[in-house]
Amino acid sequence: MILREAITKTPLPNFAWFGCAWAFVLAYTLDLGFRGSSYKFPQLAAWVFRLTWLTLSSLLAYRGLILNDLPINGAGEILLSIAWGFAGLSIFLDLVFDHRLPIWLVSILTAACIFIAEWININTSPIQYTGRPIIIIHVGTAILAYGILVAQSLNAFAYLLQDRALAKRNFGGIYSLLPSLVPMDKIGVQLMGSVVWILGISLIIGAADWIHSSLNIIKLPKLIFALITWLGCLILIIQRRRHQISSTRFARVSLLILLPALIALWLSLPSTPSK
C-alpha cells in the first residue's frame, strides 16, 4: 500500500522526457546519417524508434495515473499527446499497411515536440472540466484528428519531395529514402478521410456544448478554425476521390489545411490553472 502511494505520487523527472527526445534523435541519426554505410542502420533506427515510442507511451500512462486524468492538461501535455499520436500512427502504417514514413523525419519532429513541451513546462495540475466528462471526448477526438493531420502533412511533404525528384530525375541522396508515390497517395486519402470523421465528431460535441452551455468551456474562434479545417478536409477528400484534382495538388492542399488546424489547436490550449 505504501509502495503504491509512493509510485502514484512521484512526479516524472525531466530526464525521462529528455531521454525519450534524445532517443528519437538517435533514431534520426541512424536512419539518415548512416544509411549509406550499411543496411543494418535503417533497420536499427526503426527498432530504436519503436522502442522509444513504447517508452513514451509508458511515461504518458504513468503520468495519467499520477493525475488520474488523460494527458490533455496544458499545452505541454497536449503537444506530447500529438507527438505520441502521429509517431504511433507512423508505426501503425508501417506494420499494418507496409507503408513506412521517413523515420528520420518523424523522429526529429517527435523529438522537437518533446523538447518544446518540456520548455513550455508540462503542467502537473489537472484541469477541471466542471462536471462535463463529454468534453474529454471532444478534446480527445480533436487531438487525435490533429495528430492524424500532422501525419498526413508529413506524408504529403514526402510525396512532394519524391514527385520533384522524379520530375528532375534525381534518384539518389535523400530522395532514395522516400517511399514511392502511389502508396503515399493512397495512404494520404485514407488519412484525410479519417480526419473528416474524427474531427467531425469533435465538432458536433463542441458545437452542442457551445450552444447550450454558459460555462464558456468552448470558445467560438476555436470552433470556427476547426470548422474551416474540417470543411477543407471534406472538400479535398471529395475532389480527390472523384479524381477532380491531381495527387500533387492533393498533397499541396493537405499542407495548407494544416494551418487552420494549428490555429485551432493554439486557441484551444488551456491556460494554467490559478493556484
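In this protein, residues 24 or more positions apart account for 80% of the contacts with a separation of 6 or more, a contact being heavy atoms within 4.5 Å. The model is predicted: local features need pLDDT of at least 70, side-chain atom pairs count only at pLDDT 80 or more, and totals for chains, interfaces and linings use all residues. Residues are numbered from 1 along each chain as its sequence is written, and side-chain values use heavy atoms, with hydrogens and water left out.

**Whole chain**

Start with the cartoon view. The protein has 9 helices and 0 strands, and its pattern along the sequence reads α-α-α-α-α-α-α-α-α. Helices (H or I, at least four residues) and strands (E, at least two) are DSSP runs, numbered from the N terminus. Of the 275 residues, 47% count as buried, meaning under 20% relative accessible area with a 1.4 Å probe, protein chains only.

**H6 and H7**

Select residues 134-167, helix H6, and residues 181-212, helix H7. Their axes come within 8 Å and cross at roughly 155°; axes are lines fitted to C-alpha atoms, for helices over the stretch in contact, and angles run from 0 to 180 degrees between N-to-C directions. That makes H6 roughly antiparallel to H7, the term for angles over 145 degrees. H6 passes H7 in a left-handed crossing, where the near helix is turned anticlockwise from the far one by less than a right angle. The contact of H6 with H7 has 22 nonpolar, 9 polar and 3 charged residues. Ala, Val, Leu, Ile, Met, Phe, Trp, Tyr, Cys and Pro count as nonpolar, Asp, Glu, Lys and Arg as charged, and the others, Gly among them, as polar.

**H4 and H6**

H4 and H6 pack at an angle of about 55°, with their axes 8 Å apart. That makes H4 oblique to H6, the class left after under 35 (roughly parallel), over 145 and 65 to 115 (roughly perpendicular) degrees. Their crossing is right-handed, that is, clockwise. For side chains, show Ile78, Ser81, Ile82, Phe86 and Leu89 in H4, which meet residues of H6 including Ile143, Gly147 and Leu154.

**H9**

Finish with helix H9, residues 247-268. Which residues of H9 are buried? Among them are Phe250, Ile257, Leu258, Pro260 and Leu265.

Conventions: Expected span 1.5 Å × (residues − 1). Buried < 20%, exposed > 50% of the residue type's maximum accessible area, 1.4 Å probe, protein only.
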